[in-house]
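Let's take a walk through this model together. Have a look at it first, and then we'll go through it piece by piece.

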2 protein chains.
Amino acid sequence: MKFQPPKGTRDFYPEEMAWRRYLEEAWRRVSVRSGFEEVDGPIFELLDLYKVKSGEGIVSELFHFMRTGGETRYALRPEFTPTLARMVASKAHALPKPIKWFCIPNLCRAERPQRGRLREFLQWNVDMLGIEGPAADAEVIFTAVDLLRSLGLSPRQVKVKISHRDVVRRILLRLGVAEEKVLDAFTLLDRRDKMAAEEFGRAAAALGLDGTTLERFNQVARTRIESHGSWSAVAERFEVPEQDIEDLGALHEQLEAFGVADWCEYDLGIVRGLAYYTGTVFEVHEISGAERAIAGGGRYDRLIEMFEGPPTPAVGFGMGDVVLTLVLQDKGLIPEHVAPPVDVFVLAAQESARPRIAPLVAELRAAGFHTRFGYRATTNVGKLLKEAGQCRARFAVILDEQTVEGGIVGLKDLQGGQQTQVVSRELVGHLLRAAEPAHAG
Amino acid sequence: MKFQPPKGTRDFYPEEMAWRRYLEEAWRRVSVRSGFEEVDGPIFELLDLYKVKSGEGIVSELFHFMRTGGETRYALRPEFTPTLARMVASKAHALPKPIKWFCIPNLCRAERPQRGRLREFLQWNVDMLGIEGPAADAEVIFTAVDLLRSLGLSPRQVKVKISHRDVVRRILLRLGVAEEKVLDAFTLLDRRDKMAAEEFGRAAAALGLDGTTLERFNQVARTRIESHGSWSAVAERFEVPEQDIEDLGALHEQLEAFGVADWCEYDLGIVRGLAYYTGTVFEVHEISGAERAIAGGGRYDRLIEMFEGPPTPAVGFGMGDVVLTLVLQDKGLIPEHVAPPVDVFVLAAQESARPRIAPLVAELRAAGFHTRFGYRATTNVGKLLKEAGQCRARFAVILDEQTVEGGIVGLKDLQGGQQTQVVSRELVGHLLRAAEPAHAG
């Protein structure tokens, strides 16, 4: 009975790891080009940190522990936002604004593993703090779209579903929901699809929603607005004055400026479960609704204060690796080869040349070429070239009698098929002219 | 009172993170070019996994926990080797040989934080399985040296100190240590410098070492052999037959073949504390002995069997980020700029041109250029160019009346100082000819 990885966690063998690196590098690339700087924090935090925004209720969803003989309670991070808020709060005045950070943490949640949900997963976090207004929201959404596009997805396959808590709040107030019940109404909107009809009816009644008003509430929850819709038409559809939805209109203008409006639609049923969101909220979904949300985020202008920092406007999102990978698999967007390509495969065609392998391999590697060689005790060139082909090497370098006697090696281009002879000590220079070494430095 | 990171852990603000990425990328680069494939495992494992090679004693050094309502005991990984052994054992027959894996895990140990030792740190792991003999040992050591050299270190600053358990064992046996006490003698060699003289004397006597024999034992422990020493001279020095140290001689030949012999010296006092090493053992040290070991490893041919896999020869090492960084700092080898460079800074010289910023920024970013812009409400070109300079942008793109009216932008090379005018829709093409976008794709 061999040991297994813990339930809900993953082993990353080379193939799975190459895919993870592909995703991480895509996340990193679009983050950097949008001017976000990478940060990270500890894998575990003081347990109390997670109660600040989520209360005691969070504890059972955490893996928490103490050191043997210690008294401090720690928890594995279930999300990165509390760490980010702590880090911003403790250096708020020293950090230049805007703070544009990204992070690719692994997160751990003590929940039941299921499709799209694991106990340990990766999550790309993108956050922008110190800037208010829809331009910042749009820039953050642009970065999410930039990633989706760079992985080959199109607006016909995924959509950013956007809502705005203030807009929904104003609509709810006009429907007759009391100010102090707006948060409950958000929760009801969020959990609507997961509730039985009867349970939903009771909860709605408790908020003062019934008859026409309840119908209208359901209408709001079901409202999808294509991005090309006019905002007057939208106001008409909700039977609210245009000024009530002007925040969404302003965001829409900014999304158009960033060229991503066609990736977005407005869905007033999206409120995000978390109480700390304050304005724009959004989720990225596969268009048929086949999977959980690919990403989710929004504006959280009061969170840094909750962590004893100064008032700091903020907007950000998180995107996990699990659902994203499922969607990319479904769309056939997993490239066949994601492992780093092999530049050179060195082989000895004669026993006498074998001692020349190691020095040459060492020289090629130090020059930045991804270099492999045959470990099996064979000088069968056919077999060795086959091995070179299997690892998809670009070049084969063949060592033989001529190498031992005259310092001449054979150089075979495994893509083009040409074979030439090169003086051994000029090989690195020769290869440098033929191919940029991907791993130099 | 603001929240702090847990004791012994670190926050990675952008500057610290840029350094961490620099190290991780260096580790990854030399691993890949030597043909190692990246792997990873869960951040926590079943607690029992860590008892296989370390016994019950390890438990107090681990952060361990259970899920609320669960019965399985987990522990944060204090090292990667048990995960690697589990992964290899469970797929041993399916994995092509040799297995050449590297990993850059974060590891957690519940020990007292001190200089060079934290409760959470990164460790580069390089392992080669399925190949026996000194050539594999030398290739792994080459990879360690390749890293040290690529970071700017020289053999005058750091040394790989090598020993061989079989060689030391044979010397100990000739000194009169009984076969069944050899492991105790290893432990004594390893802990020698940390023990009081009296305590050491008692432990040595228990192994049957006293008088001349103890003196010789101490001599062995203190023995440093420069790599250029002849092996006959070495045998003479130990007063042992040459055949007793031939394993080290064979390794030395391979290290010469890989061109790293000048980075190595032989130190029979190095045994590594861990009972599972079987042959070659080594540590990388700053030459003055100023810090803890930079890296440590060796051959562990019986470990995979302990995890219920087939007999599998194996050699590998781990290198932590903490001591390595201290050494690089001490040697002045921390580059000034390690953050990803900014390609373009877009600014509006006139209020009317401001709405043109977002579309252009979006276009440049999607093309792979790391693009920033000024968030402050100013059209003062001097101030904005200063901001562009502060983030070390390569180019500034200046939008003004001409942009609004004729689609013309100013392009200033912030390194050379030249300024030209470019048609806005040709800007990306123009920049692509001037500079490779580092973040395309």
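Is the crossing of H4(B) and H10(B) left-handed or right-handed? It's right-handed. Keep in mind as we go that this is a predicted model.

Let's stay with that pair for a moment. Two packed helices are described by how far apart their axes are and by the angle between them. Here, helix H4 (residues 134–150) of chain B and helix H10 (residues 246–257) of chain B have axes that come within 8 Å and cross at roughly 45 degrees.

Which residues do the meeting? On the H4(B) side they are Pro134(B), Ala135(B), Asp137(B), Ala138(B) and Ile141(B), and they meet Ala250(B), Leu251(B), Gln254(B), Leu255(B) and Ala257(B) in H10(B). Sorted by class, that contact has 8 nonpolar, 1 polar and 1 charged residues.

Now step back to see how the two chains touch. Chain A puts 69 residues into the contact, and chain B puts in 69 residues too. On chain A's side, the largest share comes from helix H1 (residues 14–33) of chain A, with 6 residues. That side of chain A has 36 nonpolar, 16 polar and 17 charged residues.

Finally, look at chain A as a whole. You'll find 16 helices and 18 strands in it. Its C-alpha trace spans about 95 × 60 × 50 Å along the principal axes. The radius of gyration of chain A is 28 Å, whereas a compact globule of 441 residues would have one near 22 Å. Buried residues make up 45% of chain A's 441 residues.

Methods: Residues are numbered from 1 along each chain as its sequence is written. Chains are lettered from A and ligands numbered from 1 in the order in which they are written. This is a predicted model: local features need pLDDT of at least 70, side-chain atom pairs count only at pLDDT 80 or more; totals for chains, interfaces and linings use all residues. Axes are lines fitted to C-alpha atoms, for helices over the stretch in contact, and angles run from 0 to 180 degrees between N-to-C directions. Helices (H or I, at least four residues) and strands (E, at least two) are DSSP runs, numbered from the N terminus. A crossing is left-handed if the near helix is turned anticlockwise from the far one by less than a right angle, and right-handed if clockwise. Two residues are in contact if their C-beta atoms, placed from the backbone, lie within 7 Å. Ala, Val, Leu, Ile, Met, Phe, Trp, Tyr, Cys and Pro count as nonpolar, Asp, Glu, Lys and Arg as charged, and the others, Gly among them, as polar. The radius of gyration is taken over C-alpha atoms; the globule rule is 2.2 Å times the number of residues to the power 0.38. A residue is buried if 20 or more other C-beta atoms lie within 10 Å of its own, exposed if 12 or fewer, and partly exposed in between; C-beta atoms are placed from the backbone.
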